[in-house]
Amino acid sequence: VQLQASGGGFVQAGGSLRLSCAASGSIVSINVMGWYRQAPGDQRELVATITSIDITNYADSVKGRFTISRDNAKNTIYLQMNSLKPEDTAVYYCNALGVVSTTGSRSNYWGRGTLVTVSS
C-alpha cells in the first residue's frame with residue numbers, strides 16, 4: 001500500500017490550495033484518512049481527519065478555513081485550504097489508519113508529504 005500526496009506549492013497569504021492523497025495497492029477498506037503537518041522545528045500535528053462514513057475532525061487552527069473530503073471508491077482524500085496564512089507553512093503528510101488489505105491484514109500508513117509555503 002502506498003499513499004501519494006500532491007497539490008502542495010507556493011501561495012500568498014489569503015490564497016488557496018487543494019491537496020490530494022491517493023492510496024493504492026491491495027486495499028479492501030480504509031477506516032480513517034487524514035492530513036498532518038510539520039513545520040520546521042515543530043512536531044507533527046493533526047490538521048484534519050475523515051472516517052469512511054465522512055465523520056470529520058479538524059484542528060482548531062484550521063476550522064472554517066480547511067475542508068477535508070473523501071472519495072471511498074478512489075481511496076482518495078482531499079484538503080481544500082482557503083484563507084491560507086504564513087503559519088500554515090509546513091510539510092503536509094497524508095495518513096491512513098486501519099487499512100485492510102486483500103490478505104486480511106490491517107495496517108497504518110504515511111505518505112511522503114507535500115510542501116505548502118505561504119508567503120506574507
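**Exercise 1. The disulfide**

Cys21 and Cys94 form a disulfide, with their sulfur atoms 2.0 Å apart. Task: determine where the two cysteines of this disulfide lie in the chain, and which hand the disulfide has.

Solution. The model is a predicted one, in which local features need pLDDT of at least 70 and side-chain atom pairs count only at pLDDT 80 or more, while totals for chains, interfaces and linings use all residues. Residues are numbered from 1 along each chain as its sequence is written, and side-chain values use heavy atoms, with hydrogens and water left out.

Step 1. A disulfide is defined as a pair of cysteine sulfur atoms within 2.5 Å. By this rule the count is 1 disulfide.

Step 2. The pair links distant parts of the chain: Cys21 belongs to strand β3 (residues 17–24) and Cys94 to strand β9 (residues 90–101), 73 residues apart. Strands (E, at least two residues) and helices (H or I, at least four) are DSSP runs, numbered from the N terminus.

Step 3. The torsion about the S-S bond of Cys21 and Cys94 is about -85 degrees, so the disulfide is left-handed.

**Exercise 2. The nonpolar core**

Task: state which residues of the largest nonpolar core touch the most other members, and which strand gives the most to this core.

Solution. Step 1. A nonpolar core is a set of buried Ala, Val, Leu, Ile, Met, Phe, Trp, Tyr and Cys residues joined through side-chain atoms within 4.5 Å. In soluble globular proteins, nonpolar side chains tend to be buried together.

Step 1. The largest core has 30 residues, and those touching the most other members are Met33, Trp35, Leu79, Met81 and Tyr92.

Step 2. At least two residues of this core come from each of β1 (2–6), β3, β4 (27–38), β5 (45–51), β7 (66–71), β8 (76–81), β9 and β11 (114–119). The strand giving the most is β9, with 5 residues.

Step 3. Contact means heavy atoms within 4.5 Å. With neighbours within four places in sequence left aside, the contacts of Tyr92 include Leu19, Trp35, Leu79, Met81 and Val116.

**Exercise 3. The partners of β4**

Task: find how many bridges join β4 to β9, and how many pair β4 with β5.

Solution. Step 1. Two strands pair if DSSP finds at least two bridges between them.

Step 1. β4 and β9 run antiparallel and are joined by 10 bridges. Within this pairing, Tyr36 has Tyr93 of β9 as its bridge partner.

Step 2. β4 and β5 also pair in the antiparallel sense, over 6 bridges, and Trp35 stands opposite Ala48 in β5.

Step 3. β4 and β5 form a hairpin with 6 residues between them, and Gly41 in its turn has a positive phi of about 80 degrees.

**Exercise 4. Aromatic rings and a charge**

Task: classify the aromatic pair of Tyr36 and Trp110, and identify which rings lie under the charged end of Arg44.

Solution. Step 1. Rings of Phe, Tyr and Trp (its six-membered ring) pair if their centres lie within 6.5 Å; planes under 30 degrees apart count as stacked, over 60 as edge-to-face and the rest as tilted. A search of the whole structure finds 1 aromatic pair.

Step 1. In this pair, Tyr36 and Trp110 are 5.1 Å apart centre to centre with 70 degrees between the planes, and the pair is edge-to-face. It links distant parts of the chain, with Tyr36 in β4 and Trp110 in strand β10 (residues 106–110), 74 residues apart.

Step 2. Tyr36 is buried, with a relative accessible area of 17%, whereas Trp110 counts as partly exposed at 43% relative accessibility.

Step 3. A charge sits over a ring if NZ of Lys or CZ of Arg is within 6 Å of the ring centre and within 35 degrees of the ring normal. The charged end of Arg44 sits over the ring of Tyr93, 3.7 Å from its centre, and over the ring of Trp110, 4.6 Å from its centre.

Technical notes. Buried means under 20% relative accessible area, exposed over 50%, partly exposed in between (1.4 Å probe, protein chains only).
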